[in-house]
Structure formats: structure tokens, C-alpha cells
Amino acid sequence: CNAAAGAAALDRLTARLAEGAPAMPSVSIRIYDIPVMNAFALPGERIVIMRELIAKAEAPEEVAGVLAHELGHVAGRHAEAQLIRATGLQLLFSAATGGGGDTITTAAGLAAILRYSRAAEGEADAYALATLHAAAIDPLGLKRFFERIRKEEGAPSGGAFGRIGSIFSTHPGTEDRINAIGPLPDGIASRPVLSDAEWQALKKICG
């Protein structure tokens, strides 16, 4: 998805996050028109956001919080670590079955890349909250997003992309993690992430 106005809004949102993380990794962020609510970091400093996540978000602060979390995974090189783990799993499957890169080993590798460890999730959470605080972006937007999505967890994601899962299946959203998200510290007033026009443009980035 690359509608011009939406892409400009995405750049603006990323720039706002960079205000809170001067050493933020240089990343390639892409939004794909896939009806699955997920976002994840991939090796090579890449972040993927699926349009269903933006569609479910009710405010730009919600998307900013998710993106800040993914930036934490990039900064921690968690996707690269998971890729190494996935390669090891594929070799193990191959040795056990005597096969090559079949569907089972490919699916196992994808699952390993997209599911981060509890420690990696904690590191990404800490990075996200520090970035949001430093950029004066209300972190309660992320909390409201997670709380709202948690209520929908009972609905399975079907279709061809079901194996990719929801953001909670690949980024476990435990009660402790949600409860750890609090307001900005005293003395820091939140500043808007996007204007209303920019937010609507981002919502329509897929046309």
C-alpha cells in the first residue's frame, strides 16, 4: 500500500517516534493489503504492518505504540536471532524426515521468526515505552488498543493467511504486559502524533 498521502503520513508518524529515539535504527516500513491484524519485524531492519491493524486502530497513538514496539525488536535484532533459530529448526525437521524445504519446514520456520521469546517481548516493550515517553506520545493509546483487541481474541483468523496469526498470537499480550503500560510521567504533556487529515490519509493508504 503506497497511496501518496498515506505514505507521507506514515513518514510523519515515524519522524515523531524518532524524536524520542535519536539512535533509532534506519528501517524500511511497509504496509500490505492483507486482512490480518498483525505487525512484525523481519531481518534486515524491515517492519511489516498489515492494513487490518490500521483499520482496527482508532487513533494514531495506537499505531505509533505498535510501531515503537516493532522498532524495539529491530533495535534488539530479535528477528535475526529468530531467523537463526528457524534455520536450526528447519535443519532439524529435515534431518528427522529426510526431506528438504517442504511446506512443513517452511511453516515451522515462519512461525519461529514471528513468535518472539518472552524476554524479547519485554525488551521491545521497554524500548517502546521509553521512546513514547521521550517523544511525548501518549502510551495509553497502545494500552487501549491492546485492551480492545484482547476482547476480540476469541475470533479465529481464517483464510489463506490464518497461519500468520493475530498480533497477540505472535506478540503474546499478557495481563502483566498490558497493565505495565501507564500514562506519561508527570510534567510531560502529550503532543499529537498526526493531524486529523494525516490520520485519515494513513487509514486510506491501501486505497
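Which exposed residues does the face of H6 turned away from its buried side carry? They are Ala 119 and Ala 134, where exposed means over 50% relative accessible area, buried under 20%, and partly exposed in between, with a 1.4 Å probe and protein chains only. This is a predicted model, where local features need pLDDT of at least 70, side-chain atom pairs count only at pLDDT 80 or more, and totals for chains, interfaces and linings use all residues. Residues are numbered from 1 along each chain as its sequence is written, and side-chain values use heavy atoms, with hydrogens and water left out.

**The chain overall**

- The chain's secondary structure comes to 10 helices and 3 strands; these are DSSP runs numbered from the N terminus, with helices being H or I of at least four residues and strands E of at least two.
- Starting at the N terminus, the elements go α-β-β-β-α-α-α-α-α-α-α-α-α.
- Of the 207 residues in the chain, 45% are buried.
- Among contacts with a separation of 6 or more, 72% are between residues 24 or more positions apart; contact means heavy atoms within 4.5 Å.

**Helix H1**

- H1 covers residues 4-18, and its 15 residues reach 21 Å from first C-alpha to last, close to the 21 Å expected at 1.5 Å a residue. The expected span is 1.5 Å times one less than the number of residues.
- Its buried residues are Gly 6, Ala 9, Leu 10, Leu 13, Thr 14, Arg 16 and Leu 17. Looking down the axis of H1, they fall within an arc of 155°, so they line one face of the helix. That arc is taken from the directions from the helix axis to the C-beta atoms.
- The face of H1 turned away from the buried side has the exposed residues Ala 4, Ala 5 and Asp 11.
- Strand S1 (28-32), H3, H6 and helix H10 (196-203) are among the elements that cover the buried residues of H1.
- Take Thr 14 in H1: it counts as buried because its relative accessible area is 14%. Setting aside neighbours within four places in sequence, Thr 14 is in contact with Met 24, Ile 29 and Leu 67.

**Helix H6**

- H6 (residues 118-134) has 17 residues and reaches 24 Å from its first C-alpha to its last, close to the expected 24 Å.
- Ala 120, Glu 121, Ala 124, Asp 125, Ala 128, Leu 129, Thr 131 and Leu 132 are buried in H6. Down the axis of H6, these buried residues fall within an arc of 165°, so they too line one face of their helix.
- After H6 comes Ala 136, with a positive phi near 55°.

**Ala 68 in H3**

- Ala 68 sits in helix H3 and is buried because its relative accessibility is 0%.
- Not counting residues up to four places away in sequence, Ala 68 touches Leu 17, Tyr 127, Ala 128 and Leu 132.
- Ala 68 and Ala 18 are 50 residues apart along the chain, while their C-alpha atoms are separated by 9.5 Å.

**Cavities**

- The whole structure has 3 cavities of 30 Å³ or more. On a 1 Å grid over the protein atoms alone, a cavity is a set of points where a 1.4 Å probe fits but cannot get out, and lining residues have an atom within 4 Å of a point.
- The second largest cavity has a volume of about 40 Å³, the volume being the space filled by probe spheres set on the points, which are joined across faces, edges and corners.
- Its lining includes Ala 41, His 73 and Arg 77, and strand S2 (39-42), helix H3 (60-75) and helix H4 (78-97) each supply at least two lining residues.

Note on methods. On a 1 Å grid over the protein atoms alone, a cavity is a set of points where a 1.4 Å probe fits but cannot get out, and a pocket is an open set with protein on both sides within 12 Å along at least five of seven lines; lining residues have an atom within 4 Å of a point.
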